[in-house]
Amino acid sequence: MQFIDLNAQQARIRDAIERNIERVLDHNQYILGPENEELEKVLAEYVGVKHAIGCASGTDALLLAMMAYGVGPGDAVFTSPFTFIATAETISLLGATPVFVDIDARSFNMDPALLDDAISSVKQGRVPNSEPTEHSHAPLVPKCVIGVDLFGLPAEYDQINRIANENDLFVIEDAAQSFGAAVDGKRSCSLAAVGCTSFFPAKPLGCYGDGGMCFTDRDDLTEAMISIRVHGQGTHRYDNVRIGINGRLDTLQAAILLAKFEIFPEELLLRKRVAEKYTQLIEPIQDVETPIIPSHVSSSWAIYSILASDEKHRSYLQGKLKEAGVPTAVYYPKPLHIQPAFSYLGYGENDFPVSENCAKRIFSLPMHPYLSDESQEQISGILRS
Ligand SMILES: *Cc1c(COP(=O)(O)O)cnc(C)c1O
């Protein structure tokens, strides 16, 4: 059994992928070719925003959004410590300071009730839970919030946007895992000022390499992001009006994504079916907690994660599944505030207890649109016994 089965998907659309690749080989425009524009148009329409800006990865999408808004040294950027490193790494790369806000134990996303306090603390010159270090002595200016839609479930942007508005903060949606999700019918990537997604192969809409995209309704940010992704270019290639990066999406990846997007809406429904079946099978099992999705939200189900009762119970269950040939994974074994890379921020153990508790108990089951009923029954059978 595979954790993610990309072969089953490829078998369905191999002809379309080959045709699209061939078209690129014929026209030879490997950098920002016609497929890039077409993909941006199609996906902007799907998400329901004015602009889509393709880029080289989900990480670059976050960089583009923050650079376009002008996040830099002295700025506090509030985000979850329970996410992939890229969310906070990009904040540090720009010289800004990640300020972590603990998560809600049921959604695994930032707890908006804690955001207000964190912003107030920073305004008073204090970073919540962090011991002052030589790097964090200077007072920070609250600038931005990055909500993370973990496992495909959008964060609570109603509340995050409201709190951010009250404090004049810019909101970015890290939708790397949630492309295709929706809240009250409004699609992920449109839930904040800028939505950033990833087309890494394992994400809900993945290409065959690295890729990403930013989505926004704002013309000014779009202009800046288009410039920043090509070395801060102005009216022509050798006119550089700001500091930028080499952050374009390859034409070949755009061509592959166009073929994959054809079946994406159907794949989303298949993922939903798999997730619902998992929950139905696993929910009655004692000592294992299944994910809860509010009724007005639809997840993209990038990852299906469950909670064991403690660390020992988790390794026991993972061991039993492994013996039966069922792969599992832990997203994420170590919250970001206790990663060595962020030791300069002055956080320590027990600073974000909910994230740390989840990190010890969480693990993820095989999840893809083509997972069979039999596989799911086998997995739940092992968990039950
Ligand atoms: C995958 C991921 C990213 C980074 O995307 P890449 O395309 O790998 O650069 C950022 N944030 C989250 C939450 C992710 O899961």
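**Ground rules.** I number residues from 1 along each chain as its sequence is written, and side-chain values use heavy atoms, with hydrogens and water left out. Since this is a predicted model, local features need pLDDT of at least 70 and side-chain atom pairs count only at pLDDT 80 or more, while totals for chains, interfaces and linings use all residues.

**The sheet.** I looked up the strand order (strands are DSSP runs of E, at least two residues, and helices are runs of H or I, at least four residues, numbered from the N terminus). I found an open sheet of 7 strands, ordered β1-β9-β8-β5-β4-β2-β3, with mixed pairing (two strands pair if DSSP finds at least two bridges between them). β1 (51-55) and β3 (97-100) each have a single partner strand, so one side of each lacks a neighbour in the sheet. From one strand to the next, the twist averages 25°.

**Inside the sheet.** I checked β5 (residues 170-174) and β8 (residues 194-198): they run parallel and are joined by 3 bridges. Ile172 has Val194 in β8 as its bridge partner.

**Helices on the sheet.** I noted that helix α4 (residues 85-93) lies across β2, β3, β4 and β5, at about 140° to β3. Helix α7 (residues 219-228) lies across β1, β5, β8 and β9, at about 20° to β1. Axes are lines fitted to C-alpha atoms, for helices over the stretch in contact, with angles from 0 to 180 degrees between N-to-C directions; contact means heavy atoms within 4.5 Å.

**Strand β11.** I then turned to β11 (residues 304-307), which runs antiparallel to β12 (residues 362-365) and is joined to β12 by 4 bridges. Tyr304 stands opposite Leu365 in β12. Tyr304 and Ile306 on one side, and Ser305 and Leu307 on the other, are all buried (under 20% relative accessible area, 1.4 Å probe, protein chains only).

Conventions. Buried < 20%, exposed > 50% of the residue type's maximum accessible area, 1.4 Å probe, protein only.
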